Amino acid sequence: MAEVVTTGTGQVPRTADRAVLTVVFSAVAAERQQAIADLAARVSGLETTLGAEHVEVASRTLSVRPHVADGAPAGSRAVQHFMLRVADPAALEQLAAELIDAEPERLDGPRWELSDPTEATDEAQRLAVHDARRRAESYADALGVRLGELVRLSDVGADRPRASGPAAPQLGGASRGTAAHVRELDLTPGEVTVTVVCNATWNLA
């Protein structure tokens, strides 16, 4: 019996409800221990900010490596990298302002995401199967035959929800360090799209 294989795609847009920020602090000193001590002093005042309600420290990593300046060894460089999730977008402006006031080496974001993409993924799966069947029916009609039973269905996967629209602002560089100025950057939640792709094999009767 002849078969036809079709690929279906389902896409579901949703307004994001969680922001992700990445922030990096660093310190350079002639000695490794001094670089670590200077870095610790820089981030020591952040615990209240990082422990605020709706703020989750998803990861924090430390690296210490030789520092090179003008092609020559110049002491040690200590770096701490934080990834933060903000469950309440309304708290994002204040958090960003406090982080900028701490003068990080780099602050990027927000990257928008869904705290629970389950409902959107379920809908995207239904749309993907519907799309695969529509394509199969079109092929069957073009061949002058009838679409038979579904033989197998494979889930190619669900993409990580991706932001659409303008790129997220990058918070960094020369900061004026106030919540009022951060507000001008428009950190309102963006839209993310959940995409699911499936492969379907059908009998042709």
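Trainee: Is His54 buried, partly exposed or exposed?
Mentor: His54 is partly exposed, at 36% relative accessible area. Buried means under 20%, exposed over 50% and partly exposed in between, with a 1.4 Å probe and protein chains only. Bear in mind that this is a predicted model: local features need pLDDT of at least 70, side-chain atom pairs count only at pLDDT 80 or more, and totals for chains, interfaces and linings use all residues. Residues are numbered from 1 along each chain as its sequence is written, and side-chain values use heavy atoms, leaving out hydrogens and water.

Trainee: Where does His54 sit, and what's its phi?
Mentor: His54 lies in the loop between α2 (47-50) and β3 (55-69). Its phi is positive, about 75°, although His54 is not a glycine. Helices (H or I, at least four residues) and strands (E, at least two) are DSSP runs, numbered from the N terminus.

Trainee: And what about Glu103?
Mentor: Glu103 has a positive phi too, about 55°. Glu103 is in the loop between α3 and β5, and is exposed at 58% relative accessible area.

Trainee: New topic: which residues does the cis peptide bond join?
Mentor: Gly109 and Pro110, with omega about 0°. Pro110 is in strand β5. Most peptide bonds are trans.

Trainee: How many residues are in the largest nonpolar core?
Mentor: It has 42. Such a core is a set of buried Ala, Val, Leu, Ile, Met, Phe, Trp, Tyr and Cys residues joined through side-chain atoms within 4.5 Å.

Trainee: Which element gives the most to this core?
Mentor: β8, with 7 residues.
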